[in-house]
Amino acid sequence: KDKEKSLFVNAVKYISNTKPDDSQRISRASIINSLDIPSKYFMSRGFSENILTKYDVGDCTKSGKPMSGRAVVPVYDNNRKYMVGCTGRATTEKCDVCNHYHLEKDCPKQESLYLYCKWRHNYGFKTQNHLYNYWFAQEHIKQSRSVILVESPGNVWRLEEAGIHNSVAIFGSSLADIQKRLINKITATKTLSFTFKQKIAEDIETG
């Protein structure tokens with residue numbers, strides 16, 4: 001019963017969600033101007049310049065910003081016109097003392113350690129309400145009537161590099177109700193869900 005109530009509440013919130021005021025939203029053009037694209041950090045991880053440029057993935061080199069010192073992955077609305085949120089990956093190695101990621105020589109104070117995690121979303125970004133790459137993938141999903149669910153933006157980029165264009169990332173390992181509705185809206189009938197870690201393990205087992 002509790003699960004049914006939760007599903008009902010989420011459905012009402014989704015249906016009654018009002019259209020945001022465009023004047024208060026951050027445009028894609030503003031995002032491009034604020035980042036150093038393509039991200040040197042993700043290029044060092046083996047991602048191509050073309051794929052990072054396509055997805056506007058860049059490094060935030062401006063001091064004093066919430067994402068300063070991070071490689072930033074913007075998440076756009078369905079029309080790829082406005083940013084609905086972003087996630088930033090720390091570009092430093094994990095500190096052996098505090099087990100967090102910081103540029104400063106000294107470790108941050110205990111009360112602010114949460115700001116120095118490996119991945120950090122911008123304030124107010126509700127990942128459960130969005131699917132990464134939905135803006136590009138929706139037409140391919142409609143055509144193929146299938147969707148590939150992966151955990152992270154990096155998984156999407158690898159599939160794109162391999163010529164597979166109907167994947168979306170769910171920002172973790174759990175598919176939320178609103179994310180399910182987004183998929184249902186574009187009438188996908190076949191869903192393949194996997195993680196690259198699982199795939200690598202399978203490849204090792206089979207030689």
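The side chains of Lys54 and Glu160 meet in a salt bridge, with 3.0 Å from N to O; a salt bridge here is a side-chain nitrogen of Lys or Arg within 4 Å of a carboxyl oxygen of Asp or Glu. This pair links distant parts of the chain, since Lys54 is in helix H4 (residues 49-54) and Glu160 in helix H6, 106 residues apart. The structure is a predicted model, in which local features need pLDDT of at least 70 and side-chain atom pairs count only at pLDDT 80 or more, while totals for chains, interfaces and linings use all residues. Residues are numbered from 1 along each chain as its sequence is written, and side-chain values use heavy atoms, with hydrogens and water left out.

**Salt bridges**

- Side chains of opposite charge can pair when their charged atoms come close.
- A search of the whole structure finds 6 salt bridges.
- In the pair described above, Glu160 is buried at 6% relative accessible area, and Lys54 is partly exposed at 32%. Buried means under 20% relative accessible area, exposed means over 50%, and partly exposed lies in between (1.4 Å probe, protein chains only).
- Another salt bridge joins Asp77 and Arg25, whose closest N and O atoms are 3.3 Å apart. Asp77 lies in the loop between strand S3 (70-76) and S4, and Arg25 in the loop between helix H1 (2-15) and strand S1 (26-27), so the pair ties together parts that are 52 residues apart in sequence.
- Asp77 is buried, with a relative accessible area of 11%, whereas Arg25 is partly exposed at 22%.
- Glu139 and Lys142 also form a salt bridge, at 3.6 Å from N to O. Both residues lie in helix H5 (residues 134-144), 3 residues apart, which is about one turn of the helix.
- Glu139 is partly exposed at 42%, and Lys142 is partly exposed at 40%.

- Helices (H or I, at least four residues) and strands (E, at least two) are DSSP runs, numbered from the N terminus.
- In helix H6 (residues 153-161), 7 of the 9 residues are buried, so the helix is largely enclosed by the rest of the structure.
- The buried residues of H6 include Trp157, Leu159 and Glu160.
- Gly163 follows H6 and has a positive phi, near 85°.
- Asn166 sits in the loop between H6 and strand S7 (167-169), and counts as buried at 11% relative accessibility.
- A polar atom of the Asn166 side chain lies 3.1 Å from the backbone oxygen of Ser146.
- Apart from neighbours within four places in sequence, Asn166 is in contact (heavy atoms within 4.5 Å) with residues including Ala137, His140, Ser146 and Ile148.

**Cysteines**

- A disulfide is a pair of cysteine sulfur atoms within 2.5 Å, and the count by this rule is 0 disulfides.
- Cys86 is in no disulfide, and the nearest cysteine sulfur, that of Cys60, is 8.8 Å away. Cys86 counts as buried at 7% relative accessibility.
- Cys98 is in no disulfide either, and the nearest cysteine sulfur, that of Cys95, is 3.8 Å away. Cys98 is buried, with a relative accessible area of 16%.

**An exposed tyrosine**

- Tyr114 is found in the loop between strand S4 (82-90) and strand S5 (119-121), and counts as exposed at 58% relative accessibility.
- The C-alpha atoms of Tyr114 and Tyr101 are separated by 9.9 Å, and the two residues are 13 residues apart along the chain.

Technical notes. A polar contact is a pair of N or O atoms within 3.5 Å; within protein, one must be able to donate a hydrogen and the other to accept it, and residues adjacent in sequence count only if both atoms are side-chain atoms.
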